[in-house]
Amino acid sequence: MKISTLEAKFRRSKLDLNYTELWKTLNISKQNIILQSINLSITEKPIITSFVNDFEWWLITDKTIYNYNNNLDIILLSNISKIEMFKNIKTLNESCLNIYYNEKILPLKLEGKSWIIIIEMLKHLTHLNISIEKNLDQY
């Protein structure tokens, strides 16, 4: 699926979000903060980001998830083996997805209702099935 199609799905979702937005619409100063911490390849296209503050943000590109929470995690989408979410994700104000990669787990923090569109994007980018019926005790 094309990046522009994913972006259009996000725009059409019309979710009322405070921190999660398309890279294209992110304030340039916030973009610069993220770009100072990562090295995008020339062919890599940023899609969506959640920018809470200078020390807590993530970016999903067409190839990678960059997650910064006082240190930077870089996860290639091709290395993701499984994505799980909490059974009660629909009722939480803040939730997360557990992203399994290289025998590690990244709890990717999501803003409230944003899980709907983030899951849709990750399904298309990783071609993985994502179940919302998992019971996860780590939360």
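# Close-up views of a predicted model

**View 1. Asn 70, a residue with positive phi.** Asn 70 is exposed, with 58% as its relative accessible area, and exposure here means a value over 50%. The structure shown is a predicted model. Asn 70 is placed in the loop that runs between β4 (64-69) and β5 (72-76). Its phi is positive, at about 70 degrees, although Asn 70 is not a glycine. Most residues other than glycine have a negative phi.

**View 2. Glu 103, in the loop between β7 and β8.** Is Glu 103 buried or exposed? Its relative accessible area is 88%, so Glu 103 counts as exposed, the cut-off being over 50%. Glu 103 is not a glycine, yet its phi is positive, at about 60 degrees. The strands on either side of this loop are β7 (94-101) and β8 (104-111).

**View 3. The protein as a whole, for orientation.** The protein contains three helices and eight strands. Along the sequence, these elements follow the pattern α-β-α-β-β-β-β-β-β-β-α. The protein has 139 residues, of which 45% count as buried. It exposes about 7900 Å², and carbon and sulfur atoms supply 47% of that area.

**View 4. The largest nonpolar core.** In soluble globular proteins, nonpolar side chains tend to be buried together. In this model, the largest nonpolar core has 30 residues. Those with the most contacts inside this core are Ile 65, Ile 80, Leu 97, Ile 118 and Leu 122. At least two core residues come from each of the following elements: α1 (3-13), β2 (46-53), β3 (56-61), β6 (80-85), β7 (94-101), β8 (104-111) and α3 (115-126). Which element gives the most to this core? It is α3, with seven residues. A separate core of nine residues lies apart from this one, and it includes Leu 26, Ile 34, Ile 38 and Tyr 66.

**View 5. The surroundings of Ile 80.** Ile 80 is one of the residues with the most contacts inside the largest nonpolar core. When neighbours within four places in sequence are left aside, Ile 80 is in contact with Ile 65, Ile 75, Ile 99, Tyr 100, Tyr 101, Thr 126 and Leu 128.

**View 6. The packing of helices α1 and α3.** The axes of α1 and α3 are 10 Å apart, and the two helices pack at an angle of about 165 degrees. Angles over 145 degrees count as roughly antiparallel, and α1 and α3 are therefore roughly antiparallel to each other. Their crossing is right-handed. On the α1 side, the contact is made by Leu 6, Lys 9 and Phe 10. On the α3 side, Ile 117, Glu 120, Met 121, His 124 and Leu 125 take part.

**View 7. The buried residues of α1.** Ile 3, Leu 6, Glu 7, Ala 8 and Phe 10 are buried in this helix. The buried residues of α1 pack against β1 (20-22), β2 and α3. After α1 comes Lys 14, whose phi is positive, near 45 degrees.

**View 8. Phe 10 and its partners.** Phe 10 belongs to helix α1. Its relative accessible area is 12%, which is under 20%, so Phe 10 counts as buried. Apart from neighbours within four places in sequence, Phe 10 is in contact with Leu 17, Thr 20, Glu 21, Leu 22, Ile 48, Ile 117 and Met 121. Phe 10 and Ile 117 are separated by 107 residues in sequence, yet their C-alpha atoms are 6.3 Å apart in space.

**View 9. Ile 117, in helix α3.** Ile 117 is buried, with a relative accessible area of 6%. Not counting residues up to four places away in sequence, Ile 117 touches Lys 9, Phe 10 and Leu 15. How far apart in space are Ile 117 and Leu 6? From C-alpha to C-alpha they are 8.9 Å apart, whereas in sequence they are 111 residues apart.

**View 10. Trp 115, in helix α3.** With a relative accessibility of 12%, Trp 115 counts as buried. Trp 115 and Met 85 are 30 residues apart in sequence, and their C-alpha atoms are 9.2 Å apart in space.

Note on methods:
Residues numbered from 1 in each chain as written. Predicted model: local features only at pLDDT ≥ 70, side-chain atom pairs only at ≥ 80, totals over all residues. Heavy atoms only, no water. Core = buried A, V, L, I, M, F, W, Y, C linked by side-chain atoms within 4.5 Å. Buried < 20%, exposed > 50% of the residue type's maximum accessible area, 1.4 Å probe, protein only. Helix = DSSP H or I, 4+ residues; strand = E, 2+ residues; numbered from the N terminus. Contact = heavy atoms within 4.5 Å. Areas by Shrake-Rupley, 256 points an atom, 1.4 Å probe, with all protein chains shown as cover. Axes fitted to C-alpha atoms, helices over the stretch in contact; angles between N-to-C directions. Parallel < 35°, antiparallel > 145°, perpendicular 65-115°, else oblique. Left-handed = near helix turned anticlockwise from the far one by under 90°.
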